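Hi,

Here is the structure I promised to pass on to you. Please have a look at it first, and then read on for my notes.

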Amino acid sequence: MLGKKAVLFCHVTTRIDGRPDDDLLNQKGFRGFPSVAIMDAEGEIVKKGVGRSVAAMGSAIDAVSAYNAIKTKVASGEKGLDAKLFVASVRLGKIDADEAKEKLGKYKLSAANKKIVEGLIFDKEMDGWFSKARSRGLTPQEFFAKIYDAYKAGRRPSDSEESQNTFWNFLLQGAEEAGDVEAFQAAVDKAIARTKKGFADRLEAIKNKAKAKRAKK
Amino acid sequence: MSLTLKRMALLGLPLALLAQGVSAQSPEQLQEKYQKKITSDWFVKGGWSDDYAACLGRAKKEGKVILAYFTRSYSP
């Protein structure tokens with residue numbers, strides 16, 4: 001599936017002396033393994049911090065492709081694409097949360113696009129809180145409370161798997177500390193749905209493997 | 001020994017052992033591990049390539065972006 005959308009390049013750091021591009025990870029500014037990114041045909045990194053799930057990789061490829069397609073149209077003189085370019089830029093992380101918030105009112109977005117942008121803005125805010133909590137700039141309780149307050153204010157993350165997991169998992173803590181039965185139940189429901197899906201996906205994978213094995217015989 | 005030094009010593013020992021493990025590997029062992037990586041099921045069946053120049057060429061030719069997955073094969 002991913003191979004239809006993008007060229008799949010797997011760089012392996014081997015530490016074999018004299019191997020060309022063995023230090024590509026450092027050249028591209030990454031430090032840890034595994035790192036996933038989207039590059040253009042010149043080898044420039046256009047999106048960092050891509051998740052490791054197939055869904056996250058597919059979504060990142062789509063975001064870059066959509067942005068590139070709009071940029072090409074704009075470059076060829078097509079008008080009226082400002083709002084689309086704005087949404088694509090936010091999806092790609094080319095506009096930070098503050099700038100996106102500021103510009104959100106400028107564009108006449110459809111309800112669906114507005115929801116997408118608001119979700120992405122919230123993802124970035126949540127990332128900021130999470131980083132602060134990790135560096136002890138926020139206590140865990142303060143972090144849980146921020147997630148809980150956001151939930152009560154009707155804010156929701158984007159569809160990204162990572163953001164969904166962060167939001168709903170930490171809402172469990174926030175809702176519990178606030179003694180909010182409804183919020184806790186909502187977080188539990190999400191956790192159950194995710195777990196069910198996870199098992200269903202694994203079951204499907206096992207079935208497919210078994211089917212392929214039978215076909216080989 | 002101060003507490004900080006003790007902590008550094010505790011942290012340093014596993015790191016030193018790890019570094020020794022990597023550097024102690026022969027070129028043949030590193031090559032074997034690399035081959036194992038690029039012949040693994042997910043790599044071959046998933047359609048991945050580790051040829052950087054070829055991937056750039058394909059991306060240009062097919063008008064596609066590149067999904068780059070950085071991993072390693074040298075771990076002891």
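**What I found**

Chain B exposes about 5,100 Å², and carbon and sulfur atoms supply 63% of that area. Please keep in mind as you read that this is a predicted model.

To stay with chain B for a moment: it has four helices and one strand, and along the sequence these follow the pattern α-α-α-α-β. Of the 76 residues in chain B, 29% are buried. Among the contacts in chain B with a separation of 6 or more, 55% are accounted for by residues 24 or more positions apart.

Four strands form an open sheet with mixed pairing, in the order 1(A)-1(B)-2(A)-3(A). Strand 1 and strand 3 (45-47) of chain A stand at the edges; each has a single partner strand, so one side of each is left without a neighbour in the sheet. From one strand to the next, the twist averages 40°. Helix 4 (residues 52-62) of chain B packs on this sheet, where it touches strand 1 and strand 2 of chain A as well as strand 1 of chain B. The direction of helix 4 of chain B makes about 165° with that of strand 1 of chain A.

If you want a place to start looking, A:Val7 has B:Ile66 in strand 1 of chain B as its bridge partner.

Next, a helix pair in chain A. The axes of helix 8 (residues 161-178) and helix 9 (residues 181-216) of chain A come within 8 Å and cross at roughly 145°. The crossing of helix 8 of chain A past helix 9 of chain A is left-handed. Helix 8 of chain A brings A:Gln164, A:Asn165, A:Trp168, A:Asn169, A:Leu171, A:Leu172, A:Ala175 and A:Glu176 to the contact, while helix 9 of chain A brings A:Ala183, A:Phe184, A:Ala186, A:Ala187, A:Val188, A:Lys190 and A:Arg194. By type, the residues of this contact divide into nine nonpolar, three polar and three charged.

Finally, some backbone details in chain A. Most residues other than glycine have a negative phi, and most peptide bonds are trans.

- The peptide bond from A:Phe33 to A:Pro34 is cis, with omega near -20°. A:Pro34 lies in the loop between helix 2 (24-27) and strand 2 (35-39) of chain A.
- A:Arg15 is not a glycine, yet its phi is positive, about 65°. A:Arg15 sits in the loop between strand 1 and helix 2 of chain A, and at 42% relative accessibility A:Arg15 counts as partly exposed.
- A:Arg136 also has a positive phi of about 65° without being a glycine. The loop between helix 6 (111-134) and helix 7 (140-152) of chain A holds A:Arg136, and with 77% relative accessibility A:Arg136 counts as exposed.

Best wishes

Key: Residues numbered from 1 in each chain as written. Chains lettered and ligands numbered in written order. Predicted model: local features only at pLDDT ≥ 70, side-chain atom pairs only at ≥ 80, totals over all residues. Heavy atoms only, no water. Axes fitted to C-alpha atoms, helices over the stretch in contact; angles between N-to-C directions. Helix = DSSP H or I, 4+ residues; strand = E, 2+ residues; numbered from the N terminus. Left-handed = near helix turned anticlockwise from the far one by under 90°. Contact = heavy atoms within 4.5 Å. Nonpolar A, V, L, I, M, F, W, Y, C, P; charged D, E, K, R; others polar. Buried < 20%, exposed > 50% of the residue type's maximum accessible area, 1.4 Å probe, protein only. Areas by Shrake-Rupley, 256 points an atom, 1.4 Å probe, with all protein chains shown as cover. Pairing = 2+ DSSP bridges.
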